[in-house]
Amino acid sequence: MSESPLNVIDVLLVEDDPGDALMTQEAFEHHKIRNSLHIVKDGVEALEFLRREGQYENAPRPGLILLDLNLPRKDGREVLSEVKNDAELRSIPVVVLTTSEAEEDILRSYSLYANAYVTKPVDFDRFIEVVRQIDDFFVTVVKLPR
């Protein structure tokens, strides 16, 4: 029996820019993406969420992480490294979603085992389309671990 294509997953967005977080939320709403979007604003909160610590003790395990690189307190590279070096968390796909087009950021992210690297478009409509494509690929096309 095949699974329903309407699997709903929890998506963790790690984004310190309120405008980008709002655009991502709007992309989810615009495309009627049924997944639950959880937003944290820095790397420390991201790891607390993932490890279910403090205020996040009842947080769901995300099926996908959308990770900005330039974050306060603990940057995205550190978060990526910690996630991929943690036996409990490493199977969660991580999409780096950032403004950086720097080759060293791209190479470093993949060397830290990012599953994809996506540069945020500045154009709102394009941004919404990119978020839809990420969701479509990782939720509809790709098989994720439960």
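Arg-77 and Asp-105 are both buried (under 20% relative accessible area, with over 50% counting as exposed and values in between as partly exposed; 1.4 Å probe, protein chains only). The model is predicted: local features need pLDDT of at least 70, side-chain atom pairs count only at pLDDT 80 or more, and totals for chains, interfaces and linings use all residues. Residues are numbered from 1 along each chain as its sequence is written, and side-chain values use heavy atoms, leaving out hydrogens and water.

Arg-77 and Asp-105 form a salt bridge (a side-chain nitrogen of Lys or Arg within 4 Å of a carboxyl oxygen of Asp or Glu). Their closest N and O atoms are 3.0 Å apart. Arg-77 sits in helix H3 and Asp-105 in helix H4 (residues 103-111), 28 residues apart. Helices (H or I, at least four residues) and strands (E, at least two) are DSSP runs, numbered from the N terminus.

The whole structure holds twelve salt bridges. One of them joins Arg-51 and Asp-86, at 3.7 Å from N to O. Arg-51 lies in the loop between H2 and S3, and Asp-86 in the loop between H3 and S4. Arg-51 is partly exposed at 34% relative accessibility, whereas Asp-86 is buried at 18%.

Lys-120 and Asp-68 form a further salt bridge, with 3.8 Å between the closest N and O atoms. Lys-120 lies in the loop between strand S5 (116-119) and helix H5 (124-141), and Asp-68 in the loop between S3 and H3, so the pair ties together parts 52 residues apart in sequence. Both residues are buried. They also belong to a network of salt bridges with Glu-15 and Asp-20.

The backbone oxygen of Asp-20 lies 2.8 Å from a polar side-chain atom of Thr-24. Thr-24 is part of helix H1 (residues 18-30). Its relative accessible area is 1%, so Thr-24 is buried.

The structure has one aromatic pair (Phe, Tyr or Trp rings, six-membered for Trp, with centres within 6.5 Å; planes under 30 degrees apart are stacked, over 60 edge-to-face, the rest tilted). Phe-49 and Tyr-56 form this tilted pair, 5.5 Å centre to centre, with 55° between the planes. Both are buried.

Note on methods
A polar contact is a pair of N or O atoms within 3.5 Å; within protein, one must be able to donate a hydrogen and the other to accept it, and residues adjacent in sequence count only if both atoms are side-chain atoms.
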